[in-house]
Amino acid sequence: MFTVVQKKICLLGDFAVGKTSLMRRYVEGRFDDKYLSTIGVKISRKTLFRDYGQLNLLIWDMTGGDDIGTQARASYLRGASGAMVVCDLTRRETLTVFERYAHQMRALNPHLPLVLVGNKADLIAERTISDADMQSVCNSLGSERYFLTSAKTGAEVETVFTYLAELIEKLE
Amino acid sequence: MSFPAKEPKSKNLPIRAALTFSQLYNIAYAQITPDLTILQASSNFQSILLDKEIEPEGRPLTEVLFELVGNETVLELVLHGALPSFHLELIRRDQDDGTTRFLTFHILPLDEFQAGKGLLCLIEDATRLGQMGQRLIQRRNDVKLMQEALARAYAELERLASSDRKTAEFALQVANLELQEAYDRTMEGWVRALDLRDREIEGHTLRVADMTLRLARAMGIAESEIIHIRRGALLHDIGKMGIADSILHKEAELTEEEWTVMKKHPSYAYEMLAAIPYLHPALDIPYCHHEKWDGNGYPRGLRGEQIPIAARLFAVVDVWDALLSNRPYRQGWATEEVREHILANRGSHFDPRVVDVFMRVIEELAHAQELAWSDEVCL
């Protein structure tokens, strides 16, 4: 029997960390250097073919920088099967929001599959968030690992989405 | 408006949700039929998403319904009257033609007086509001990014300035050390010139400088003062540069008049060195080393603690070294004789406390020399 499973995943993080670029790279396989803030939520679908049928990932890319405790944002997060929290490795300021979002997501749903992503890994010389910083957030959340991605080069983008999809499937 | 009015295609569709789209100004609505529970709707939404046949013309239903996926629990609360309404604001939709539209969803009970009758989904085209909001958010984010970049730039400037300041401080320290080195070399040049002129005191200057430092440390003088004491000891007789050779090199006893001239050498030293700020702290010894504890010294007849401590220390060491040394007109005294002389003048010529410490120092030195000598014998 061909089964179609649909799962909602949310992208969270401070503004301009590259959430939309990560989604675009994953879904459309392209990258655009131009920065345009996301407003509200942008939903994209990525279909993964599985032994059992098809897994549709509905990727919700949300406005960055706002508190997820707000009612509107909480409603966006409701029903999510997984979440990806993103920071910009070149802007240390984004680490604070990164940690806050990760902990708020954990508080909303302690069992939610959650992956931590440091984006813009290609900008090595400008990097201000270290592996130790990322590991520290991982440890505080009890997460196994974090990912360093580059939406620009595509490095680890497929890996991190696949990893999250597999975490979600394991919970089924 | 992109959601044209459309009647349900067929009552025999394989789903029980009959969705109606209608246009009312800029509001479209989807009606979820009363016989449909929300949990059923959830699974049916998936069916709808897959069923191309029921997509209204020009606009796939999927785009409308995506936003409701994952919100079934909330929708159920609205259906059963637990929540008056549910809103999803400014949902962004990128169109195929490259434009962006913004939608606002308002989910209301179909019947405000009877729960469970169904839901009404009003879809408002909020494109203008969305674009305005987007511009505002874009500006806010641009400003924040600029602020962050400025903060980083300021931090870098601060780091560079601090680095430059440290470099400058280091350069200043090096320059200062070089200047001190130059002063010391000049001063040693004067001392050598004086030694050359006054051959009878050859080696005396360095010996008394060394001994004075030992005594000063034994007296607990601060290390910061030691350098000035050394300079003062080296320059103690610099005033003799102003004394005529006929007096300075006279082998016979000096006459009273000659002594009067000779006693002027501390004042000459003062006049020579006072013009050099760098040597001000070192003036005590050249100017006051002939003062006596009981006030019978020269040039000013200071007494007791009026005499600077550096000069009181030096006075003992100077006499000690002078009496031990050979002179053209006499042999050097035996150590014990000199020791007795110093002790005899304790409290008259010399500061008693300084004499006590000096005696301890020379005993320690003698002991150290004995040990060194016995080591040599053993070897």
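How many residues from chain A and from chain B does the contact take? The contact, defined by heavy atoms within 4.5 Å, takes 27 residues from chain A and 31 residues from chain B. The structure is a predicted model, in which local features need pLDDT of at least 70 and side-chain atom pairs count only at pLDDT 80 or more, whereas totals for chains, interfaces and linings use all residues. Residues are numbered from 1 along each chain as its sequence is written, chains are lettered from A and ligands numbered from 1 in the order in which they are written, and side-chain values use heavy atoms, with hydrogens and water left out.

The area buried between chain A and chain B is about 2600 Å², and carbon and sulfur atoms give 57% of this area. Buried area here is the accessible area (1.4 Å probe) that two parts lose on being put together, summed over both. Two salt bridges are counted between chain A and chain B, a salt bridge being a side-chain nitrogen of Lys or Arg within 4 Å of a carboxyl oxygen of Asp or Glu. In one salt bridge, the side chains of B:Glu148 and A:Arg91 meet at 2.5 Å, N to O. Both residues belong to a network of salt bridges that also links A:Asp88 and A:Lys120.

Strand β2(A) pairs with strand β3 (residues 86–94) of chain B in the parallel sense over two bridges; pairing requires that DSSP finds at least two bridges between the strands. Helices (H or I, at least four residues) and strands (E, at least two) are DSSP runs, numbered from the N terminus. A:Val41 stands opposite B:Ile91 in β3(B).

Over all chains, a search of the whole structure finds 20 salt bridges. Within chain A, the side chains of A:Glu28 and A:Arg30 meet in a salt bridge at 2.6 Å, N to O. A:Glu28 is partly exposed at 42% relative accessibility, a class that lies between buried (under 20% relative accessible area) and exposed (over 50%), with a 1.4 Å probe and protein chains only. A:Arg30 is likewise partly exposed, at 39%.

In chain B, B:Glu156 and B:Arg159 form a salt bridge (2.7 Å, N to O). Both lie in helix α4 (residues 127–197) of chain B, three residues apart, about one turn of the helix. A further salt bridge joins B:Arg346 and B:Asp356 (2.8 Å, N to O). Because B:Arg346 lies in the loop between α12 (335–344) and α13 (352–378) of chain B and B:Asp356 in helix α13, the pair ties together parts that are ten residues apart in sequence.
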